[in-house]
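Hi,

Here is the structure I said I would pass on. My notes on it follow below.

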Amino acid sequence: MDAAPSKDGPRVNDQIRNPKVRLIDEEGENVGVVEIHEAMERADNAGLDLVEIVPNSDPPVCKILDYGKYKYEAQKRANEARKKQKTIEVKEIKMRPNIDQHDYEVKMRAIQRFLSEGDKVKVTMRFRGREMVHQELGLNLLNRVRDETDDLGKIEQSPKMEGRQMTMVMAPR
C-alpha cells in the first residue's frame with residue numbers, strides 16, 4: 001500500500017495508487033467499492049476531481065468533488081478556528097508597599113480590566129531599602145488586592161518572596 005497523503009494535502013486523481021477504492025459520488029451517495037479506473041472515469045464525466053478522503057482505511061475512501069473548492073473551504077475552516085483561539089497573556093502590575101490611595105485605585109482598575117479581558121495578572125510588590133523590614137505591609141496590600149478582585153479572579157499563586165520582591169499571580173474566573 002502507498003504511503004499516507006503528501007504534505008500538501010490528500011492525494012488527487014492520478015496520485016491515488018490503490019487498485020480499488022470505496023467511492024462516494026458528487027451527491028454524497030455511497031457507490032461502494034469500485035476499480036480505480038472506473039472511479040476516475042466517473043470523476044472525469046462529472047468534470048470534477050477524485051480526492052482520497054480517508055487514506056488509511058482498506059480500501060481507501062475517495063470522493064468526487066471540486067478539489068480547488070475543497071482546499072479553499074478547508075483553509076477557511078482552519079482560519080476560523082485560529083481566529084477563535086484566545087492566547088492568555090500574563091500582565092504585570094508593579095506596586096510599592098507605601099502606595100498612595102489614588103495610585104492604588106488606578107492599578108486596581110487596570111487589574112480588573114486585565115482579568116475581565118481573560119488575561120492573567122502578576123502583581124509584584126517591590127521593596128526598597130528599609131521597606132524590607134516591613135514585609136507585612138506588602139502582604140497586607142496584596143491580600144487587599146485579592147479581596148477586592150475576588151469576583152473577577154482567583155489566586156493561582158499565593159504571595160511569595162523572591163529576593164526583594166513579593167509576587168502573586170491571579171487568573172480570571
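First, the annotation: UniProt, in an unreviewed entry, puts the feature "domain: Translation initiation factor 3 N-terminal" at residues 12-81. A second one from an unreviewed entry, "domain: Translation initiation factor 3 C-terminal", covers residues 88-172. UniProt positions are in the numbering used here, feature names are shortened, and annotations may be inferred rather than shown by experiment.

Before you dig in: this is a predicted model, with local features needing pLDDT of at least 70 and side-chain atom pairs counting only at pLDDT 80 or more, while totals for chains, interfaces and linings use all residues. Residues are numbered from 1 along each chain as its sequence is written, and side-chain values use heavy atoms, with hydrogens and water left out.

Residues 12-81 come out at 37% helix and 31% strand, with 25 Å between the end C-alpha atoms. For residues 88-172 I get 35% helix and 36% strand, and the end C-alpha atoms are 10 Å apart. (Helices, H or I and at least four residues, and strands, E and at least two, are DSSP runs numbered from the N terminus.)

Now the sheet. Four strands make an open, mixed sheet ordered β2-β1-β4-β3, where two strands pair if DSSP finds at least two bridges between them. β2 (30-35) and β3 (49-54) are at the edges with a single partner strand each, so one side of each has no neighbour in the sheet. On average, neighbouring strands are turned by 35° against each other, direction ignored. β3 pairs with β4 (residues 61-65) in the antiparallel sense over five bridges, and Val 61 in β4 is the bridge partner of Val 54.

Two helices pack on this sheet. α1 (residues 36-46) touches β1 (20-24), β2, β3 and β4, and its direction makes about 125° with that of β2. α2 (residues 67-84) touches β3 and β4, at about 40° to the direction of β3. Contact here means heavy atoms within 4.5 Å; axes are lines fitted to C-alpha atoms, for helices over the stretch in contact, and angles run from 0 to 180 degrees between N-to-C directions.

Most residues other than glycine have a negative phi, and most peptide bonds are trans. The bond from Asp 58 to Pro 59 is cis, though, with omega near -5°; Pro 59 sits in the loop between β3 and β4. Asn 13, in the segment before β1, has a positive phi near 45°. Asn 13 is also partly exposed, at 21% relative accessible area (buried is under 20%, exposed over 50%, partly exposed in between; 1.4 Å probe, protein chains only).

Cheers
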